[in-house]
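Trainee: I would like a close look at one strand and its partners. After that, please place the strand in the rest of the model.

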Amino acid sequence: MVLKKASIVSVLALAVGAASVSAASAASVTSATKASTVQVTSSTYYVNGVSVNINTFYEKGKTLVSLKDLSSKLGARLQAVSGGVQANLNGHVVELKYDSDILKVDGADQKLTVPVKSLKGTTYVELKAYVDALGAYFVKDSSGIAWIEANVLANVDHIQWANSKAFIASVETETGREDYLVDAQSGKTRQLSIPEDASELVVAPNGEKATFTNGKGEIFVIEFNSFNPVKVSNDTNIKPELVWSADSSLIYFLQGDKGSVIAQLDPTIAKITKVLDDKVDYKANLSVSADGKTFVYTVTKPGAVVAGDKPVEADDVAIDMKGTEPQVYMYTVDPSVKDNKAVQLTTSTDDKAFIYASSDASQVGYVSIADSADKSTLVIVGKDKKVVTLFNESDVYQATLSGNKWFLLTEGNKANAFIYEVDPATSAAKQLISLPSDVSEIYVKDGAPIAIMNDGHVFVEVNGHWRPMSR
Amino acid sequence: MKWFKSLTVAAMAIALVTSTVSVVGAASSLKGKIVINGSSALLPLTLQAANEFKKANPKVKISASAAGSITGPQSVRKGIADIGAVDWDASQDVPGFKKFEGQVAHKVAVIPFAAVVNKNVKVDNLTTKQLQDIFSGKVTNWKDVGGSDADIIVVNRAFGSGTRVNFQMKALQGTDFISKGNNYKEVKSSGDMKTAVETTPNAIGYMDLVYVTSNMKALQINGIAPTEANVINGTYKVWGFGYYMTKGQPDEVTKAFIEYIQSAKFQNGSLKKLKFIPISAIK
């Protein structure tokens, strides 16, 4: 979003209450030795998401850090040059001269407050200036933890987990979108080779590949361990939504600008088969059961307009929006049923968002937003069309289904939002974590750490702390 | 879950150091209703955007309908819609319609239009003059524009259609249509136009480029094919912006929705997926 581009970095920190994890101090002194007139201390930093101790000292308001210690933790390569050292990281070249207050950064001089110093055979350099020069990212959170990251993407708009170890970070540009595969542990990123007109990537359940359409409507698959996407269908019909089968072998999609048709593509033979063509327009939020036989989706009916024959100036037009709320439908493929039709599961006038079907499609859950209610709730509806409230303790902002559990971002107290885990089998709701109220989105995937978007920045939970993953 | 194991205690709280900008996100406090009416061509785009916008702003309810472009600004003027979707800038005079005073036009998409003929028509290209002559009824036989000896069946959209306004302005450069005759048909929607051109031998009509099917032929105009690339490179002139009209400046909720549909995320994502052209592509 445009707003977040202009935001100042908000640094999240976990202030630990009764939690079992303990917050590390940014500069906890574990040892101290006198060296000339400065006091060298071993300070704790989180470098590339890992807690490490690095020798530092403080002078003229600046923290100087052991060049060798930080460089090795950060992954920067050092080599001796005449009268100094050269450091290389991510294509940046930084040259330091002993006792000099000049850093040569990619060929340009940069002035330091404190000259590069050598103490007992160890070279020290201004921490912030050196990190910046290498193009790395330094940020301190509110609990005092200092994070130093070698690979942090800028201006990430949204992410999705690819698998339990990596996520896809998307950066919207003026002409298209760039997608990066980010290793949530090492922080290393790799840009995926997709065309500018690619639709949003839809990750396969096996976490190894994703599918998308290009501007023509053709379908592509990109394997995460390869570089180039492969076209798997030349069909140019508009495809508003793509969905993988549970075994990651087939791609289902809505077809047509009004999403009227449900179709299936076997990407290995480029064969498209229509599943449902009932002339019902504006299907959306498609889910497919694990056995590939049941399809759940919403249908939104446009309002009815009556326009008379009077002159334009008379504004002889009337709109009836009754019954335009989305409704949940279910269609089960069964050749033995004559004139098999989709079944409408809901008729309520509430708005519906975050619609997910259970893996066997026996239940469909969604966030119900009713005009009359002061808060949104999580409800489920079964094949018997009975709607049951699953969570109504507080206003639900976002819901996602992962590993057969619901994860909700909800209203909390004044300053905070909460994450709840809800078990649809028992209706048990458990408050997991408290977040700032302006966290805009949570990202949950079975087996992966939780990630959040706050003020336009991505954070991933690491041992009870929020590691910054974008800037 | 690995994450869950490490966070079994519910008392974990998170604190901010600095936060100067509020993000419109899942926890958005935006609340309200938006009613949108007008262009049928823009309805799929509107409903797609509404579906996505709702995920970030669940408390905003969006209802949409379509009955032709002119009903969009009419509904806004009458006060029964917050947004009028229209295929031309209704704050300006266009052929057949006076401007809607006090309404503000917000560009949301680029819509290319194509002159289309039945597959039996041998002509592949027409000049602006030939199009003007055909749609005004001066030329009535395909042989006069390089085709076979057969009467031309003109299929026109009904008065009030945004596609009609754009075709008249951009392809016919403002000249008039014929309005009656044995070889003249008038249809009420893009779907009806598609059916008419596909099933009527020797027919000529026009429609949004996105609706052109393999069962008809899109003509070159002045030797330029109707393609997205030719619209963007400026050589194909028969296109228009799709607009959202509001009564004055929109309120906070309506403004947020318009900004979403104009955002790079939507313009380069779902808008392209629905085969519209982003507004930023036109320099």
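Which residue in β44(A) does Glu461(A) stand opposite?

Mentor: Glu461(A) stands opposite Trp466(A) in β44(A). Before going on, note that this is a predicted model, in which local features need pLDDT of at least 70, side-chain atom pairs count only at pLDDT 80 or more, and totals for chains, interfaces and linings use all residues. Residues are numbered from 1 along each chain as its sequence is written, while chains are lettered from A and ligands numbered from 1 in the order in which they are written.

Some terms come next. Helices (H or I, at least four residues) and strands (E, at least two) are DSSP runs, numbered from the N terminus. Two strands pair if DSSP finds at least two bridges between them. A residue is buried if 20 or more other C-beta atoms lie within 10 Å of its own, exposed if 12 or fewer, and partly exposed in between, with C-beta atoms placed from the backbone.

β43(A) has a partner in β44(A), residues 465-468; the two pair in the antiparallel sense over four bridges. Two residues lie between them in a hairpin, and Asn463(A) in that turn has a positive phi of about 50 degrees. Strand β42 of chain A, residues 451-454, is also joined to β43(A) by four bridges, and these two run antiparallel. Ala451(A) has Val460(A) of β43(A) as its bridge partner. β42(A) and β43(A) form a hairpin too, with two residues between them; here Asp455(A) in the turn has the positive phi, about 50 degrees.

Now for the chain around this strand. Chain A contains three helices and 44 strands. Its C-alpha trace spans about 90 × 55 × 50 Å along the principal axes, and 45% of its 471 residues count as buried. Two residues are in contact if their C-beta atoms, placed from the backbone, lie within 7 Å. Among contacts in chain A between residues at least 6 apart in sequence, 40% join residues at least 24 apart.

Elsewhere in chain A, four strands form an open sheet in the order β27-β28-β31-β32, with antiparallel pairing. Its edge strands, each pairing on one side only, are β27 (283-288) and β32 (343-344). Four bridges link β27(A) with β28(A), residues 294-299, and Ser287(A) has Val296(A) as its bridge partner in β28(A).

Chain B is built from ten helices and twelve strands. Its C-alpha trace spans about 85 × 45 × 30 Å along the principal axes. Of the 283 residues in chain B, 52% count as buried. For contacts between residues at least 6 apart in sequence, 74% in chain B join residues at least 24 apart.

Chain A also takes part in covering a helix of chain B. Helix α3(B), residues 71-78, has seven of its eight residues buried, among them Pro73(B) and Val76(B). What covers the buried residues includes β29 (304-307) and β30 (317-320) of chain A, together with β2 (32-38), β4 (83-86), β5 (103-118) and β12 (239-247) of chain B. After α3(B) comes Gly79(B), with a positive phi near 85 degrees.

In α8(B), residues 252-262, the buried residues are Thr254(B), Phe257(B), Ile258(B), Ile261(B) and Gln262(B). They lie on the same side of α8(B) because they cover an arc of only 135 degrees around the axis; the arc is that of the directions from the helix axis to the C-beta atoms.

Last, the confidence scores. The model scores ipTM 0.84 and pTM 0.86. pLDDT is the predictor's confidence in each residue, from 0 to 100. Chain B averages a pLDDT of 89, and 90% of the residues score at least 70. Over residues 1-26 of chain B, however, pLDDT stays under 50. Where pLDDT is low, the predicted coordinates should not be read in detail.
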